[in-house]
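Please look through the model below with these notes beside you. They are kept brief, one topic at a time.

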Amino acid sequence: MTTQEQVLDVARRARQAAAELAPLPRATKDAALHAIADALLARSAEIVEANAGDVARAREAGTSEYMIDRLSLSTERVEKIAAAVRHVASLPDPVGESVRGYTLPNGLELRQVRVPLGVVGIIYEGRPNVTVDAAALTLKSGNAVLLRGSSSAYDSNVALVEVMRSALTDVPADAVQLVPGRDRDSVKYLMRARGLVDVLIPRGGASLINSVVEESTVPVIETGVGNCHVYVDADADLGMAVDILVNAKTQRPSVCNAAETVLVHRDVAADFLPRALEALRGKGVTVHGDEAVRAYGDDVVPATEEDWSNEYLSLDLAAAVVGSLEDAVAHIRRYGSAHTEAIVTTSQSAARRFVALVDSAAVMVNASTRFTDGEEFGFGAEIGISTQKLHARGPMGLPELTSTKYVVTGEGHLRGA
């Protein structure tokens, strides 16, 4: 078969699997998830072996160590992935949940209930844990999933999907499928499988997301890049601010909720910046600063216009001094990606104003940007972090993988009678 025929074939099989999966009770889906977790643990050695080949090829290609970290699997990481699957099994099943309901004046009973989306396509870059997270969340929410990871993780994804499918007995195995092919053609045909695929969710860098949004004929839930900001207010606890900034930047710099820019109120710049630069220097961070920031460190690199909108995904940080909270918000609105912004302040009025003015999926008050995560929010794993405003926004857990339908019950009601 051609690549197009292969992609359409898996999409048709996914559509049939989705129809079979949708009415299954929670107990059946949860049992399937526990079976997947058991299989991942039992076959972790072959998963790690397949991943080692991907990692070796990535290193030969000169891939950065931050990207290697995202790609790499170990026995311990497989154990954590399996534990995340069990966590998803423990969560409430959103399917069938009543969003609202009431009796109309004419006696009709109206209920709006959650239903699966159907067939969900996930297009993502080199993080093989996403393969399992996406499969677990879609299965629990009654959806079939078509997984299209990057070619850099192809062997890892083949192994993971084979292990998961082998564990499925009471749910259709075609509810979890890997889109065939390493080249871009398979992505193109997936994006154009309208009528077979209900929704696409891209996860990755700006170029991937923009490509899917612009080229797909299938509806897209847009997950966004993470140009996240930490604003240190005039009334900040500066010790807390240093700790939050260092955590947000360095705890795991290669992920979308890592901080990429710090904005410092001019009234505390002289006290905060020497302490912050020293702490960041100790963690190996290169700071790209404006003129005001460079006055406090000879090793601060002059910031360019591109630095303010850059998602570094590395130990680099843009830094600027601002005159007010409003100036910080204006900077965020101009350069931010509407992902996550944080304010550090002891002023409740400043916190309230920042929350009200910042138009992002998540706003942190005296907390690290790294908390914008489905697991940290108590959702279990996440399918992605949506930065758009339609259907879902922020970390997408189980409810965000459902749509709704109206169920109307009458007793022979006739309109106009």
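1. Start with asparagine 366. Its relative accessibility is 30%, so asparagine 366 counts as partly exposed (buried means under 20% relative accessible area, exposed over 50%, partly exposed in between, with a 1.4 Å probe and protein chains only). Asparagine 366 sits in the loop between strand 13 (362-365) and strand 14 (385-386). Helices (H or I, at least four residues) and strands (E, at least two) are DSSP runs, numbered from the N terminus. Asparagine 366 is not a glycine, yet has a positive phi of about 55 degrees. Most residues other than glycine have a negative phi.

2. A word on the source. This is a predicted model, where local features need pLDDT of at least 70, side-chain atom pairs count only at pLDDT 80 or more, and totals for chains, interfaces and linings use all residues. Residues are numbered from 1 along each chain as its sequence is written, and side-chain values use heavy atoms, with hydrogens and water left out.

3. Next, histidine 391. Its phi is also positive, near 70 degrees, in a residue other than glycine. Histidine 391 lies in the loop between strand 14 and strand 15 (394-395).

4. Now strand 6 (residues 199-203). Five of its five residues are buried, so strand 6 is largely enclosed by the rest of the structure. In a regular strand the side chains alternate between the two faces of the sheet. Both faces of strand 6 are covered. Val199, Ile201 and Arg203 are buried on one side, Leu200 and Pro202 on the other.

5. Which strand pairs with strand 6? Strand 3 (residues 119-124) does, in the parallel sense, over five bridges. Two strands pair if DSSP finds at least two bridges between them. Isoleucine 123 has proline 202 of strand 6 as its bridge partner.

6. Threonine 261 belongs to strand 8 (residues 259-265). With 0% relative accessibility, threonine 261 counts as buried. What does threonine 261 contact, leaving aside neighbours within four places in sequence? Its contacts (heavy atoms within 4.5 Å) are Asn227, Cys228, His229, Val230, Trp308, Leu317, Ala318 and His331.
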